[in-house]
Each structure stands twice: as structure tokens, then as C-alpha cells.
There are 2 protein chains.
Amino acid sequence: MKKIGVAILGLGVVGGGTYKILTEHRDFYKKNHGIDIAVEGVLERNKERALSLGIEESKIASNIAEICSNSEIDIVVEVIGGIEPAKTFVLAALNSGKSVVTSNKELYCKYSHELEKVAKRNGCGLYFEASCVGGVPVIRALLDNLQGNKITSLTGIINGTTNYILTKMSDGGDSYEEVLKEAQKLGYAEADPTSDVEGFDAAYKLSILSSLSFHTKVPYTEIYREGITGVDATDIRCGKMLGYVLKLLAIGKCGENGIEVRVHPAFIKASHPLASVSDSYNAVFIKGDSVDDVMLYGRGAGALPTGSAIVGDIIYCATHQGNNYSTFKNTEKADPATKFIRNFESEYYLRLFVEDRAGVLSKITSIFSKHGISVAQVNQEEAGNGLVPLIIITHTTLENSVKKAVNDINALSGGSKVLSVIRVVS
Amino acid sequence: MKKIGVAILGLGVVGGGTYKILTEHRDFYKKNHGIDIAVEGVLERNKERALSLGIEESKIASNIAEICSNSEIDIVVEVIGGIEPAKTFVLAALNSGKSVVTSNKELYCKYSHELEKVAKRNGCGLYFEASCVGGVPVIRALLDNLQGNKITSLTGIINGTTNYILTKMSDGGDSYEEVLKEAQKLGYAEADPTSDVEGFDAAYKLSILSSLSFHTKVPYTEIYREGITGVDATDIRCGKMLGYVLKLLAIGKCGENGIEVRVHPAFIKASHPLASVSDSYNAVFIKGDSVDDVMLYGRGAGALPTGSAIVGDIIYCATHQGNNYSTFKNTEKADPATKFIRNFESEYYLRLFVEDRAGVLSKITSIFSKHGISVAQVNQEEAGNGLVPLIIITHTTLENSVKKAVNDINALSGGSKVLSVIRVVS
């Protein structure tokens with residue numbers, strides 16, 4: 001029986017999950033895949049952690065060189081996260097002729113061009129299904145199943161932490177700060193939640209997914225990014241009454257005018273398949289010119305779901321002779337011919353406080369009209385103390401037109417103010 | 001640039017869609033996949049149909065031998081459907097050294113053992129993503145992404161015709177016969193709808209999907225099969241009031257006691273992700289021991305979605321050296337060690353007409369109790385003329401116990417009758 005030696009770099013949540021899956025399923029893989037996969041090495045600073053997982057002391061390496069020179073090891077799993085030392089370790093593994101499986105979205109997003117070049121030069125495989133949306137089979141779907149399509153758009157809920165926070169805010173009406181604290185207690189948010197709540201994590205994944213979808217490098221620096229730290233529970237409540245659910249969406253579109261990539265909170269209709277993707281579940285909704293709509297749904301994070309994606313890659317790598325390079329033009333920067341659309345089109349939700357005086361609504365609507373914005377719906381809540389809450393939903397319009405309208409409204413005398421602007425995705 | 005010649009056997013809906021995708025995307029594939037895919041031959045009895053698609057007369061073969069002996073052809077796409085002549089043609093193509101891509105669920109379900117053997121012997125690829133659930137990327141997800149998991153269950157809405165009919169019956173309250181007629185007019189149901197409405201099509205697909213999931217041959221003859229021809233609009237309406245949606249489900253489970261495979265109408269809670277899969281959309285909900293829940297959703301049929309799966313396989317076949325054999329024990333019959341569970345467990349919905357007389361409800365419930373069935377809910381509708389409609393939802397119980405209880409109730413004097421029994425899937 002073919003023997004496959006695996007090394008795991010980093011025994012955090014995902015590394016521990018991967019170790020658990022590999023060891024508990026060893027006989028299952030022998031029986032059903034005809035290969036004997038053994039963990040032959042780990043690299044983990046916290047030796048106690050490795051020992052507590054049941055790893056023999058002799059398998060715990062003190063440095064990457066030991067892993068690279070170990071001829072028992074065929075595949076190196078990198079689940080350290082971040083750029084360094086992960087990048088140095090991955091390059092060392094590839095340069096020593098070992099194939100690499102990684103869950104590192106930041107590393108793959110920023111350095112895929114370099115990693116792929118080195119992998120190719122050394123004839124090694126480089127697999128990254130686990131880098132995007134955990135156990136949801138999205139990378140291979142884009143690379144293999146949907147490769148006959150021109151992908152026109154993908155819309156994803158691809159960060160578990162923010163989806164958990166927004167779901168709880170929507171269910172309980174609590175503020176962002178309150179829910180974040182609870183999420184941190186439960187381990188759904190990190191002590192420093194910046195990467196998740198500011199949309200960096202989603203932007204890294206969107207960069208990878210849209211590069212594969214649109215067959216050209218989409219650097220994450222080209223992605224418009226807006227997190228959820230400014231989300232007000234009032235808007236979630238108001239949106240709900242209008243039949244909307246608030247989600248942190250990652251959106252990629254590719255059309256004749258160029259590519260549009262953005263991560264921001266957005267309202268979607270309660271009937272949209274993405275609206276029922278709750279808690280830490282994730283999903284990616286893809287439109288292709290032949291396949292039409294496809295949605296892939298599942299656990300976007302966690303030890304075992306992400307471990308499932310890693311082990312899927314390990315078995316694929318062990319049983320396929322060819323190596324898996326992505327088919328997009330994998331460069332450091334975007335192709336100069338690629339146009340990125342920044343002044344994108346959307347529908348908009350605006351919540352305002354306006355002066356409770358005859359003629360004010362007409363003033364506001366004339367500002368919209370001046371900027372070519374067509375209003376779809378106006379909802380006025382109960383009057384307050386001189387200032388009245390007003391909600392406006394627009395038809396499809398340009399981002400820049402809305403910005404101008406907001407400036408004009410905020411410049412009105414009398415105290416009218418735009419409190420929130422949220423894009424509506426249909 | 002690598003040139004790949006394709007032949008299409010059968011220019012029906014899917015064959016026509018595949019031809020359209022290949023020709024319209026030829027430059028796109030050159031640019032993005034570095035291969036030039038050309039349709040070098042077609043086999044179609046209706047020559048006019050071929051010409052009307054714009055196919056040159058010189059590419060229209062008169063028999064399979066011409067396709068097999070054409071050295072320009074590398075990959076043969078079989079989209080004829082049914083067993084013969086599809087089987088003979090596929091074997092001839094494989095025996096002449098050509099790889100095969102097929103959408104034929106009946107053929108693959110019944111003869112995969114024979115086809116794979118011949119493919120292997122000839123060193124050819126054999127791809128069948130399009131055989132199950134159209135453009136939804138489920139075969140490769142099971143074979144590649146989820147291969148690190150023990151799959152414990154899959155639950156699918158995998159037939160577009162029946163899902164369309166049940167959605168329309170639910171929306172409009174019309175009878176099965178009325179909706180079927182309309183579906184036939186619109187082309188959503190065939191003139192002879194037997195294969196769809198009696199659940200054969202779903203059973204073929206379930207046989208393939210559960211064989212891959214459970215790593216053992218699951219012959220379609222082992223699948224309990226019940227179609228939708230007996231579905232009464234009254235039950236759809238009653239279920240709706242209780243928060244259920246009626247779907248034709250294909251269910252596969254694998255546990256310590258054996259494998260359970262069944263296709264039948266079932267109620268699912270309106271909040272279940274599968275409940276919102278409407279019209280001709282399909283979805284497969286998979287549970288794995290590591291990945292937890294995954295749902296794959298999209299168009300389960302149609303010229304372009306199914307063509308998308310076929311073209312995905314063509315490009316994969318053209319760009320990968322290894323060949324794609326399924327990893328389950330691919331035999332004609334089930335492994336004698338495999339146990340199939342027929343007396344399965346489920347919750348049940350029963351609609352009865354019972355005598356409007358004191359003591360009848362207690363008689364009925366004592367029958368349930370006698371067979372060890374625990375009742376979860378009893379709903380009595382408005383009284384009728386001597387007989388009262390009654391709906392009972394049970395807790396999880398055994399299929400055989402329910403059958404016995406139904407017999408006992410129907411044997412009561414006074415005219416009480418069980419009108420419908422529908423399984424409830426939670």
C-alpha cells in the first residue's frame with residue numbers, strides 16, 4: 001500500500017483538527033482510498049500542545065529544516081496563518097520537493113504568484129481549498145466544475161465571525177459592542193477581531209475567489225472594503241421591517257466594463273437564498289453564463305470543517321499524478337488591461353433624521369432627483385422631537401451619486417442628517 | 001496550443017446545449033485554459049437538427065464506427081440517455097481509446113462496473129459529473145473535496161420535474177393531474193413522465209451518489225421508491241398549516257446498522273435549507289463526520305446547466321493526465337457484507353377520517369401506543385358529516401410499526417380510515 005507522510009506546521013485550531021481527522025480516519029483511508037496516511041512530523045512552538053494531542057516526541061521537529069530533510073514526509077500542511085514564518089516555511093518545503101496544502105488565505109492571496117512559481121519549478125503540488133470558506137467546496141468547484149463558464153458574479157457570506165455577530169444582532173436587537181463581547185467569550189471572535197470585523201479576512205478570500213472566477217489577478221488592494229464596526233442595530237431592525245436581512249457580503253462581478261470587487265455590509269431580501277445563511281455558516285452564490293445560479297453552503301471555519309478541506313487536498317495530492325496549479329494569470333499585480341470599477345451601481349437604503357416641517361421631504365427628494373437617483377420607497381416613522389426618522393430605498397444608481405446626495409442633504413440648514421447608508425443587493 | 005477533438009452522441013436538449021457552449025466559448029477556452037476544443041463529430045439520427053445547429057455536414061457521422069475511427073476525436077460525449085444504443089456506443093468509444101463524458105444516470109447507475117473496467121483497460125477517462133443534478137457540482141465534491149469524511153447522510157431534491165410539480169401544487173393548490181398537464185405543455189415534464197414522477201430518475205441518481213458517499217455499491221434496486229402520483233393537494237395544504245413543505249426527497253444514510261436508501265415524498269420543516277429549493281432548482285444536503293453540513297444548490301437540469309457540467313468534465317479530462325475512476329468498490333451487485341435497512345426510522349404525518357363519536361380518538365391513540373408509536377401532535381379539523389378529519393404527527397418510529405397501526409385503524413368498525421401517510425424528515 002502506498003504510504004504518504006504528512007507534516008503539520010502549526011497545531012492551533014485547524015492544525016489540531018487536521019491531526020485528529022488524519023489519525024482517527026487512518027484505517028478508513030487505507031480501506032477506501034488504498035493509501036496509508038501517517039503524520040510523520042509536526043512543527044509547533046508549544047511542545048505541550050503537541051504532546052497533549054498524543055503526538056510522539058520523536059515526531060515533534062525543532063525547526064523547518066528537520067521537516068524538509070525528513071524523507072518520510074511527502075506533503076507539508078501549513079496552518080500557521082499570517083505571512084511570516086508561514087511564507088518562509090512553505091517556500092522551504094516546496095524547495096525541498098514536498099507538496100504543500102495550506103489554509104492560509106492571507107499568504108495565498110498576497111503571494112500566490114511566488115508560491116506557484118516555486119511549486120512549479122520543483123514539480124510539487126500546491127493546494128489551497130481550505131484557504132476559502134472552510135469546508136465549503138468552492139475552490140475546486142470554480143477550478144474544475146465551473147471552468148466551462150464565464151463567471152459573471154459571485155456573492156458570498158465568507159466570514160463566520162461577522163455572520164455570527166450580525167445574526168445575533170438581528171435576533172436579539174443588541175448592539176455591535178455587546179454581541180462582539182459575547183462572541184469573544186464564546187470563541188467565535190478573536191481577542192483582536194480586526195481582521196474579521198473590518199473585512200480583511202473576507203477581502204483576502206474574495207481576492208482568491210475572484211481571481212479564479214475571472215481568470216486574472218484581482219489583488220486584495222483593489223477590493224473596496226468596509227467592515228461591520230459601524231453597523232447600528234436600528235438599521236438591522238428597520239431593514240427587517242422592510243423585508244431585508246443585513247449581511248457582510250463579498251461581491252465580485254465581471255462584465256464588459258471591467259471587474260467590480262467589494263466587501264461591505266448589505267441588505268438582501270429575506271427570500272434570497274443567502275438570507276437564511278445564519279450564525280457561523282457561510283455560503284457562496286455564483287452565477288455563470290451556462291450553469292446559471294449555483295450556491296455552495298456549509299461551515300466556513302472551525303477545526304474539523306477546515307480540516308476536512310485540508311484532508312481532501314491531501315488525499316487528492318496523494319492520488320493524482322498531475323499537480324494542481326490555478327489557471328488564472330497568476331501575477332503579483334493586476335494585469336494593466338484589467339479595469340476595476342469603483343463607481344459601482346447598487347440600490348441603496350438611507351436612514352435620515354429630517355426636520356418635521358412642510359416642504360422638507362420635497363427638498364430631500366429634489367436632491368435625489370438632481371443627482372439622477374430614482375427613489376423606490378419612502379418610509380416615515382413616527383414623528384420625534386422636531387426631527388423625524390425617514391427611510392429611503394433607491395432604485396439602482398451610482399455610488400458616487402449617492403455620496404453627492406448625502407453631502408447635499410447634510411449641508412441643508414435645519415438639522416436634517418443622513419445617519420446610515422447601506423447598499424441593497426437584489 | 002493543445003487541440004482537443006470532441007464528438008457528441010445525441011443532439012437533444014443536453015447535446016445541443018453542450019455544442020452551443022463549446023462553440024461559443026472556443027476562444028475563451030483558448031485564452032484561459034490554453035486548449036483549443038473543437039467539435040469534430042456528432043452522431044444524431046435527425047440530420048436536420050444537426051444542420052440547424054450550424055454543424056457542417058462533414059462532421060455528421062453516420063454510425064459510431066466513424067466516430068471511433070476518427071483520429072481527430074479525443075473525447076466522446078454521450079448524451080443519448082437510456083441503455084441502448086448508449087451503452088454499445090460508450091463501450092465502442094472506450095475500446096477505441098477515447099475518453100468518455102456522460103450525462104446518462106441510468107447507464108452509469110446500472111453499468112458503471114462494466115464501463116469503468118473497460119475504461120481502465122484502455123487507459124481512458126470516464127467522467128459522469130453531469131449524470132447527477134445537472135450543473136450542481138456534487139460528484140466532484142464527493143470524490144475530491146469530501147473524501148476525508150465518513151459521509152453519514154445525504155438528502156437531496158434531485159429531480160427537477162417533480163420539484164416543479166410539487167412547488168406549483170403548493171403555490172396554487174391545484175391537483176397533481178392539473179399541474180402535470182401544465183408542466184408537460186411548458187416542457188418541464190415529458191409526454192411519458194413515468195421516469196420522473198415515479199421516482200426512477202431520482203433513484204438512479206441516488207444510487208450513484210450513495211455509492212460514492214458510502215464507498216460501496218448501492219444498486220438502485222435496493223432503493224425504496226415511491227413517486228408523487230399519489231400526492232393529494234389536501235396534504236400539501238394541511239402540511240403547510242403545520243409548517244411543513246412537501247418535497248420528493250432522495251435520502252441515503254450510512255451508519256453502524258447498515259445503509260438506508262429511499263426516494264419518496266416527505267415533509268420537511270419550512271426552516272430547513274432544502275425547503276426553499278423551489279421550481280426546477282435542485283439541491284443536495286450532505287452530512288460528513290468532519291465537514292458537518294454542506295449544501296450544494298443549483299439547476300438540476302436543462303441544456304446549459306447540464307452542458308456546463310459536461311464541459312467542466314471535458315476540460316478536466318483535457319488538462320489532467322490521470323484518469324478519473326470512482327473510488328468505491330464498483331461491482332455489479334452490492335457487497336454481501338452490506339446490510340440495507342428496510343424497516344427504517346422516521347417521523348410520520350397521518351391524515352385520517354375518523355368517526356365523530358366519543359371515545360374514537362382514544363381508540364386510535366391506543367392503537368398507536370400498542371405498536372410503540374409515540375404521538376407528537378394531534379390536529380382535528382372542523383367536523384364533517386359524521387366523519388371528522390384528523391391529522392397526527394408521530395415522534396420517530398419504525399416504518400413497520402406505522403404500517404401495522406394503519407392496518408389496525410382501517411380494520412376498525414365505524415368507517416375510520418387512514419387517507420394519507422407521509423414521512424416527515426427533520
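Okay, let's start with a helix: α2 of chain B, residues 26–33, lies across β1 and β2 of chain B and runs at about 140° to β2(B). That angle is between N-to-C directions, on a scale from 0 to 180 degrees, with axes fitted to C-alpha atoms, for helices over the stretch in contact. Helices here are DSSP runs of H or I with at least four residues, strands are E runs of at least two, and both are numbered from the N terminus.

Quick housekeeping: this is a predicted model, where local features need pLDDT of at least 70 and side-chain atom pairs count only at pLDDT 80 or more, while totals for chains, interfaces and linings use all residues. Residues are numbered from 1 along each chain as its sequence is written, chains are lettered from A in the order in which they are written, and side-chain values use heavy atoms, with hydrogens and water left out.

Now the sheet. In chain B, six strands make an open, parallel sheet, in the order β3-β2-β1-β4-β5-β6; pairing takes at least two DSSP bridges between two strands. The edges are β3 (60–61) and β6 (126–127) of chain B, each with a single partner strand, so one side of each has no neighbour in the sheet. β1(B) and β4(B) pair in the parallel sense over four bridges, and B:Val6 has B:Ile75 in β4(B) as its bridge partner.

On to α5(B), residues 86–95. Seven of its ten residues are buried, so this helix is largely enclosed by the rest of the structure. Buried means under 20% relative accessible area, with a 1.4 Å probe and protein chains only. Among the buried ones are B:Phe89, B:Val90 and B:Leu91. Their cover includes β1, β2 and α6 of chain B, with contact meaning heavy atoms within 4.5 Å. Just after the helix, B:Gly97 takes a positive phi of about 85°.

How many salt bridges cross the interface of chain A and chain B? Two, by the rule: a Lys or Arg side-chain nitrogen within 4 Å of an Asp or Glu carboxyl oxygen. A:Arg299 forms a salt bridge with B:Asp292, with the closest N and O atoms 2.5 Å apart.

Conventions:
Buried < 20%, exposed > 50% of the residue type's maximum accessible area, 1.4 Å probe, protein only.
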